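Here is a quick tour for someone meeting this structure for the first time. Have the view open and follow along.

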Amino acid sequence: MTPPAPKLPVSLVTSPRLSSWVRFTGDGRVAISPGKVEIGQGIVTALAQIAADELDVDIGRIEMIRASTATSPNEGVTSGSLSIQQSGRALRHVCAEVRQIFLAAASERLGVGATQLGIDDGTISGPGNVRTSYWELAGDVSLDQDASAGATAKTAVMRAVAGHSIQRVDIPDKVFARPRFIHDHALPELLHGRVLRPDISGAKLTALDETAVRTVPGLVAIARDGSFAGAVADSEVAAEAALNALRKGATWSAGEPLPDENDLAGFLKSQPVETTTIDTRSAASPQKAARTLRRQYTRPYIAHASIAPSCAMARWEGDRVHVWTHSQGVYLLRADLAIVLRLPAENIVVEHMEGAGCYGHNAADDVALDAVLLAKAVDGRPVRVQWSRHDEMSHAPFGAAMAIEIEADLDADNEIVGWRHAIWSNGHAARPGRAAQPALLAATEIANPYPRMISTNPPAANGGGGDRNSVPLYDLPAWTITSHRLLTMPVRTSALRTLGGQGNVFAIESLLDEIAALRGEDPIAFRLRHLRDERAKDVIRAAARCARWKPEKRTGIGYGAGFARYKNTGAYCAAIAEIEGTDDIHVRRLTLAVDVGEAINPDGVINQIEGGAIQATSWVLKERVRFDRTRITSTSWTDYPILTFSEVPAVDVEIIQRPEIEPVGAGEAAHGPVTAAIANAVHDCLGVRVRDLPITRDKIIAAMELAS
């Protein structure tokens, strides 16, 4: 049988030009230009390690270039824990081919066979002490050619940098307060802008008295386009003063009603939906159920709650505009800007700069359009727009609320013989650049507005959205998985870290624990018995071993377990939670084991798992977007509390290193398992099951009353 022809990595199919990925600069350095962006996940470090390995150069020579639509390969959006899988594989392939090209050129120059040459820190040498280097050859070697499918990267045992923990390249600037975040950069002649928006959801600007604004010292311009209005001034203070004056002169229409926050499940189930059967399995030998457990699980709307509110800069030059943004998809943002501005995409340059905190579609793209529209009101000077905390918590997209119902059919021995899993949720993705209409907030406000994009779900082949992780990884005899995506969206939703994965894993793992308890079976043993995947079993065993499962029962202390393989195709992660349940739930320790295949930077993997575990703890115990029937009310840290440093649990992470297996991302692997582990630990501690997130004192009391 003929082996299949080699294929290019997915990112090289759309951006195959070698020179767009790698350049050798005259100062003895290597410029690496991926299309994925640094959002705190450490991707620029891992990619630098991959490049250093394949090119045989010291990692200190690697210069990681920020993504820009002017020069960088188009890798879509940095999301879904796919940067290592997509950009890493592409870069490994590119650098392997570049290495071969330069070895061939050195062979011709030196008169030595390519197989006799070696490379050490960019110097190419061979028998008789003949030598040259990448930089000596760079003028004669053109990389303006497309990647070929036949390039062969090094085997795992030949890699000297990947697989080892190194210091992240982005951290020193952040520790020593050197400008790296977009919030800290100032372009020459920079002006400052603020945008006026209503507190009432869906309200339109019907009138604007600009009289008071025009007397504000430092005012440069007022911009008005339909319901979009803002001011540009020569300082932040003046811009804030102008915004306050605009607010006093604004008249708004009535808004649109929001759901009943205290009955989200009822709201979700009452709306028009698009229903999709995600997966079905029929039992080879159907068995009659002796009983059926029916359980409902919910999670609220969750804010991104970025530590720094969204920020962007823009500058017009004639009919061309340059945008600086912390968007996770510079090409996708450019596509939406082109629609709104009615400009050719080539007239727009979108350049990435890091922002202080976000995993998912927050307001980074929205504020970019704000900056572009305000900059159009001034003559060629750059305008910087930074949202307020109130703006960020009111107007940025949220992670979608979810209602999940699972029915488990059990036989007389409480073994599972059937499983039905149904999800009601808004779509989990409304990112820019993926539709004929823009997904940007200001696009819905201008005089000729575009409708608000109704969030959709990525296809199941890409990990799904609301249905993500809804198909059990466990070997159950029969199941039906159904997703009901809402076709209305009074609360704006889009991608938040894990999409529907956190909610679905919480539901599945909670019910499995409940069934194990009915059987009187250890929950770890129960999971292992229902798994065939040995890698899945290995992470569960490793987490249990590290946590010394199960410690002796102590009053006020509970232990719980959770497991998932992210998207059922990515990283495996198991979590053990130790919680203390006194006045409030306090998570004392989280023990996790993870398998990401080849861990390029083990310390980076640990960082990602720790960060995900802590974020999940915050979601489970505290986070919930609050609103009444007219407006979002959780617009400050007081109204939207997140986990504080004093509440952060100890987190232990064990990596099961598998260098022979292609790497996958770690960023979103921990959230579902940690959520489930904490919920199961609460039951172990208090004897009640809380199925509605977040797990607060009120929810526990309600669960106790229901159980009594």
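Let's start with Tyr301, which is buried at a relative accessible area of 0% (buried means under 20%, exposed over 50% and partly exposed in between, with a 1.4 Å probe and protein chains only). This is a predicted model, where local features need pLDDT of at least 70 and side-chain atom pairs count only at pLDDT 80 or more, while totals for chains, interfaces and linings use all residues. Residues are numbered from 1 along each chain as its sequence is written, and side-chain values use heavy atoms, leaving out hydrogens and water.

The structure holds 8 aromatic pairs. Rings of Phe, Tyr and Trp (its six-membered ring) pair if their centres lie within 6.5 Å; planes under 30 degrees apart are stacked, over 60 edge-to-face, and the rest tilted. Tyr301 and Phe627 have ring centres 6.0 Å apart and planes at 65°, so they are edge-to-face. That pair links distant parts of the chain, 326 residues apart: Tyr301 is in the loop between strands E13 and E14, and Phe627 in the loop between helix H14 and strand E24. (Helices, H or I of at least four residues, and strands, E of at least two, are DSSP runs numbered from the N terminus.) Phe627 is buried as well, with a relative accessible area of 5%.

Tyr474 sits in the loop between E19 and E20 and Phe563 in strand E21, so the pair ties together parts 89 residues apart in sequence. Tyr474 is buried at 4% relative accessible area, and Phe563 is buried at 2%. Elsewhere, ring pairs link Phe24, Phe102, Tyr134 and Trp135 into a cluster.

## Helices to look at

Helix H11 covers residues 501-519, and its 19 residues should span 27 Å, which agrees with its end C-alpha atoms being 27 Å apart (the expected span is 1.5 Å times one less than the number of residues). In H11, 16 of the 19 residues are buried, so the helix is largely enclosed by the rest of the structure. Just after H11, Gly520 has a positive phi of about 70°.

Helices H8 (residues 330-341) and H9 (residues 364-375) pack at about 40°, with axes 11 Å apart. Axes here are lines fitted to C-alpha atoms, for helices over the stretch in contact, and angles run from 0 to 180 degrees between N-to-C directions. H8 and H9 are therefore oblique to each other (under 35 degrees is roughly parallel, over 145 roughly antiparallel, 65 to 115 roughly perpendicular, and the rest oblique).

Cis peptide bonds turn up between Trp549 and Lys550, with omega about -10°, and between Leu693 and Pro694, with omega about -5°. Pro694 is in the loop between helices H15 and H16.

Arg342 has a positive phi of about 55° although it isn't a glycine. Arg342 is exposed, at 66% relative accessible area, in the loop between H8 and strand E16.
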